[in-house]
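Hello,

Here is the structure I promised you. Please open it beside this email, and then read on for what was found.

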Amino acid sequence: MEAYEKIYLLLGLLILSSCSPTNVNSNSTSFEDNNEDPYVTSLEVISKAKKNNYIVGESFDTTGLKLMAKWSDNIDDELYDGEFTISPKIFSKGDKNVTFTYEECSLDYPVEVISMDDIKLNNLRVDDSLIEKNGPTRYVNFKDKLTVEAINLDNSIEVLDNYIIKDNDEIITDSNYFVGAGEHNISIEYGDKSYKFTMFGNYSLIEAETKSNENEFFYTDLIGNGVMNSSGKEDTPRISNIETASNNTYIGEIAYGRGLIFNFYSNKNMKANLMLNASSAYTLEVGVNEDGTSSWAPTRAGDIYLDETFNCEFNNKETILSHEKLEGMEWTLDKKGSYSIFANWKLVNLGEFNIEKGFNSVKLICIGANDEKGNAKLANIDYLKVDFIDNNHIHKLNKIEGKESTCTTSGMNTYYSCACGKMFLDEQCKEEITSLPIIPALGHNLIWENEIGTCSRCGKVVNKEIVIEAEHNNSLSLEEFEKYKKTGNYVEIESSKMDGKNQGSYLGSIYKNDKITFHIYSEISQKASFNMIGSSNYVLNYDTDGNPKDIGDAEINKIFTMKVNGKQLSIPNDVCYKGQKYDKGGWDERFTKWENLKILDIDLKVGDNTIVLEFQCPSFSCPTHPWGGNSDMTINIDKILIDYLI
Ligand SMILES: [Zn+2]
Ligand SMILES: [Zn+2]
C-alpha cells in the first residue's frame, strides 16, 4: 500500500505527519470515495509544548501542547493526554524527536535532548523537607515538593525542573508517583551530581473516608444488600457526635450473614500484619425515649470475640482468627436518644499474612450466632490497617543523644532511629521502642520548715498555702487580665451577675448557671486541702425596704458541682455556710457572715490545676421579693485557700 504523506510547515518547525490507514479497503481505487468510513489523514501541532529541552532520562511534558487530528471527512479533532501515544517514553542520548501516534498517523515533534555527561556542576542542592519520609503507602508529587538547585561551575545558582528522580534505580516517570510498601531509595540526579534519601511505605489504611472510586489502591466491597448502616461512602458522619478512631465516619456495622471485602494493592511480595479497628455492636439493651417508648439507640453492648463473630478469608483462603475480645460497654444516651458515647474501638490483629504483589483481599463475614433474644452478634468496623513487615530492609540508625531530667524538665534516654520509623534503645536493634524514651521530671525535693518548703536540689521555695483572692476577669481590663493570668494563680468567671468590681473586694454572689474556675499553679504533685471563704446569700425574708432580713443556711453540695482537673468530685453534704438574722436594714450593717470552710482534699499535679464550680442551685420556695420575683439559694464567695498536706 502506498503511504499517504503530507508535510506541514508550522510555527517555524518542520513537523512530519505520516499515515498508513489500514481501515481503508486495499481494493479501493480511491481514498476520496465518500462511502468509506472516515479516517485520520494527518496530525497537526497547533501550539507547541511549554518545555522543549530535556535531559536524558526525562519524559516528554505535554503541558501547553495542542495536537489536532484531521479527518478525511474534514472534521478536526483536538487530542488530549492519553488519547495519543508518545514515544520514546524516556529520552535517551541522541534523541532529536518525540513521536505522537493516533489511529494510523504519526507525527515527529522536534526536541532538544542533552546528555547528563555534558552537564558539569559544582554541587546539587536539594531541599526535601516537604516530603514525609515515612508513612502510609501513598501518592507523592516529588516535583511539587522538592526544591532542586544546581550550583554551576561559576557558582551561579539555577533552580531546576528537569532533573531525574529514581526509586531503587528505576526512573520515576509519573508526576504523581505511588510510594508503595517497603523501602524506597530515592535519588535526585542532575549532571554529574546526585542527592539521595530513603522513604518508606509502612502501612495502608482502608478507611470509610477512602471512596472506592477515588483511590485505586485500596477500597472495600460490601457483601449483601445494604449491609452497612453507615456505608462508608458518606462525606460526613451519619451521627454527628460519633466517636471513631479515624475521627470521621466509620465503615459501618456488619450484621449476621453479611460482610465486606477489603481490597488493597502491594507493589511487592512481603509480610504484613492485618490490623482491624472494630468494636462490639452487640446490643443487650436499648434506651427509653422521654415519652416512654423504647429508643433505637443501645444503652448496653455485650462482648464479642473475633473468631466467634467473623469468618475470614485472605486471598480466598480460609484463615483462623484469634480468640480476641471486643469489649461491650455501657452507652449513655442524651435526652433525644442519641449516643453520647458510641463505641469502644480496639485495634485487633487478624494475623500475619504473606501479601502478594498486586491486589490482595480480606473478606470478613459475620457468623455471630443469634442469642436467646434473637439478636445477632454484630460488629462495628472502622478501618483495616495493613502493617507491612519489610524483612529485606536493613536499619540505618541515627543516634539521638539523651539528656538528664531536672526538677522541672523531663529528660530523655539516648536512642537510635531509622528512616523506616522504628526506634531502638541500642545500636544492635534488639530493644525496640514505640514511644520516645522520656524520663519524667524529678519534681522538687522539698524540705519543710515554718510552712516554707525549700528544694534540696535546685533551691526552689514553695509556700504551704496558696491564696486566690477576688481579682478576676470581670474586674480587670483584657490587658490587666492577661498579666494577672501570668501569676499562675487566678480566677475565671463565666457569669452575668458576678462582678468583683461592683461587689467590692469579694468575688460576688453566685447564681444558677454561673461558672467559676480557679487556676492553681502547683510546683509539686501533692495532695492539698481546698478551703473556701464564703457566706450564705439564701434570703428567707425581706424587710419593708426590700433588704434581706433572714438568711438561710446554704448547703454547698446542693448549690454547685465541682470538677478538679476535669474530674467530677462529689462535695460532702456536711459543708454549710450558716445564715443569719439581720435586725436592722441598711446594706453595710447586714452584710455578711464570712466563714472559712474546708470543702475536701484534692490531688494537685505539677503545673496548672483547675477547680471548676458550676452553680446549679435549684429554685427554692423563697419568699417573693417586695420588688417582685423569687430568690434562689445563692452563695457569696470571697477567696479560696489551698494548703498542701505535708
Ligand atoms: Zn529501618
Ligand atoms: Zn527542685
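Strands β36 and β37 form a hairpin, with four residues between them. In the turn, Gly421 has a positive phi of about 100°. Strands here are DSSP runs (E, at least two residues), numbered from the N terminus. Two bridges join β36 (residues 415-418) to β37 (residues 423-424), and the strands run antiparallel. Tyr416 stands opposite Phe424 in β37.

Before you go further, note that this is a predicted model: local features need pLDDT of at least 70, side-chain atom pairs count only at pLDDT 80 or more, and totals for chains, interfaces and linings use all residues. Residues are numbered from 1 along each chain as its sequence is written, while chains are lettered from A and ligands numbered from 1 in the order in which they are written.

Two strands pair if DSSP finds at least two bridges between them. β34 (residues 397-400) pairs with β36 over four bridges. There, Asn398 has Ser417 as its bridge partner. At the other end, β37 and β38 pair over two bridges.

Now look at β32 (residues 358-366). It pairs with β23 (residues 259-266) in the antiparallel sense, over eight bridges. Ser266 stands opposite Gly358 in this pair. β28 (residues 310-314) also pairs with β32 in the antiparallel sense, over five bridges. Here Cys312 faces Leu364.

Next, the cores. A nonpolar core is a set of buried Ala, Val, Leu, Ile, Met, Phe, Trp, Tyr and Cys residues joined through C-beta atoms within 7 Å. Buried means that 20 or more other C-beta atoms lie within 10 Å of the residue's own, with C-beta atoms placed from the backbone. The largest core has 36 residues. Ile254, Leu274, Val362, Leu378, Ala379 and Leu384 touch the most other members. The elements giving two or more residues are β23, β24 (270-280), β28, β31 (346-355), β32 and β33 (379-389). β33 gives the most, with six residues.

What is Leu274 in contact with, leaving aside its neighbours within four places in sequence? The partners are Leu350, Gly351, Phe353, Val362, Leu384 and Val386. Contact means C-beta atoms, placed from the backbone, within 7 Å. Apart from this core lies another, of 34 residues, among them Phe530, Tyr577, Ile602 and Ile640.

Best wishes

Key
Buried ≥ 20, exposed ≤ 12 C-beta atoms within 10 Å, placed from the backbone. Contact = placed C-beta atoms within 7 Å.
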